[in-house]
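This briefing sets out selected structural features of the model shown below. The points are grouped by topic.

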Amino acid sequence: MKTQKHKKWLLISLVSLFVIFCTSFLLAFVLYLRYPQQVFSFSSYTESPALIQEQEYSLEGITGLDIENTMADLSIEAYEGEKLHILYEAMHGSTLNANPQSGILYVKAIHASRPLIGGLSPSYTPKLRIRIPHSRKDLVLSVQNDVGNFSLYSEAKSLNIQNNVGDLELFSSLEELHLQSDVGNVDIEGSLRSYSHISANVGDVEFRASVSQNSIHEISADVGDVQIYLPEDADVSLFAKSDFGSLVSDFAVNADSPEENTARKEDGNSERIYVNVRTDLGTIHIQKR
């Protein structure tokens, strides 16, 4: 019996190392394709930000924001003003552009070419800060975040974010959330009223958001732990599975597949919360709060 257990954990360890190796190789390859000169440059840059851009835009007629950030810590916040306010701190040669088109304001913050390995001073972090009027809770947000942490402190109709490298923090009220992260931890609070799809390739996911009845939430991590907090008295229809890792849940796992859960929601029990959780390599912990 002990021999079988040892073989099982040896297999899990070998699979874990293989997955980590493949993920690291893929990340390095992606970075090379995006920034070939930067990845293999080891020059020393220690200067402070040489470029500070500050702009304001009217949101009249604007229904959504489409944001592209190549390398900066990006924060989106609510404030008491009447216009969209953007503050961009970056190296000289970086560019900030915002153009409205068909009701969407497209914001592009392109950081100047700098080495990613050994190239930036530890004291220097490019920053992109976007402030949205409190009154504009109806905006549809779309974000492409290449390198840098992301935080959201503003209510919106929905958020669709693709994150390459960086941690994500959401403290927001959203109707819908679509989140895909390659590398980075994900921390979600606030409230989610209808639907969320959260997928992390490498990184832990912590889900503390308040959820509405008759909402469905799909949470997965390839390599990483998933921690979920749900209301103590919630009626939960739950599917949860970890291929290589432990599963601990205060709620009964009462669905055999994500498809079964989706079908249950379509049948119309409007008082339930529908949750699908899966990890390839990592633990799942679902707690009552």
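Strand β16, residues 226-230, is mostly covered, with five of its five residues buried. The model is a predicted one. The points below begin with this strand and then turn to the nonpolar core and the salt bridges.

- Strand β13 (residues 205-207) pairs with β16 in the parallel sense over three bridges, and glutamate 206 stands opposite glutamine 227 of β16.
- Strand β20 (residues 284-288) also runs parallel to β16, to which five bridges join it; here isoleucine 228 stands opposite isoleucine 286.

**Nonpolar core**

- The largest nonpolar core comprises 60 residues, and those with the most contacts inside it are Leu65, Leu128, Phe150 and Leu159.
- Beyond four places in sequence, leucine 159 touches residues including Leu141, Val143, Phe150, Leu152 and Leu170.
- Isoleucine 132 belongs to strand β7 (residues 127-133) and has a relative accessible area of 1%, so this residue is buried.
- Isoleucine 132 and leucine 84 are separated by 48 residues in sequence, yet their C-alpha atoms are 5.1 Å apart.

**Salt bridges**

- The structure holds nine salt bridges, among them one between the side chains of lysine 137 and glutamate 155, at 3.8 Å from N to O.
- Lysine 137 lies in the loop between β7 and β8 (140-147) and glutamate 155 in the loop between β9 (150-153) and β10 (158-165), so this pair ties together parts that are 18 residues apart in sequence.
- Both partners are partly exposed, lysine 137 with a relative accessible area of 44% and glutamate 155 with 30%.
- Glutamate 175 forms a salt bridge with arginine 193, in which the closest N and O atoms are 3.0 Å apart.
- Because glutamate 175 lies in strand β11 (residues 168-183) and arginine 193 in strand β12 (residues 186-202), the pair ties together parts that are 18 residues apart in sequence.
- Glutamate 175 is partly exposed at 31% relative accessibility, and arginine 193 is partly exposed at 30%.
- Glutamate 206 also forms a salt bridge with arginine 208, the closest N and O atoms being 2.5 Å apart.
- Salt bridges that share partners join Lys137, Glu155, Glu175 and Arg193 into one network.

Key:
Residues numbered from 1 in each chain as written. Predicted model: local features only at pLDDT ≥ 70, side-chain atom pairs only at ≥ 80, totals over all residues. Heavy atoms only, no water. Core = buried A, V, L, I, M, F, W, Y, C linked by side-chain atoms within 4.5 Å. Buried < 20%, exposed > 50% of the residue type's maximum accessible area, 1.4 Å probe, protein only. Contact = heavy atoms within 4.5 Å. Helix = DSSP H or I, 4+ residues; strand = E, 2+ residues; numbered from the N terminus. Pairing = 2+ DSSP bridges. Salt bridge = Lys/Arg side-chain N within 4 Å of Asp/Glu carboxyl O.
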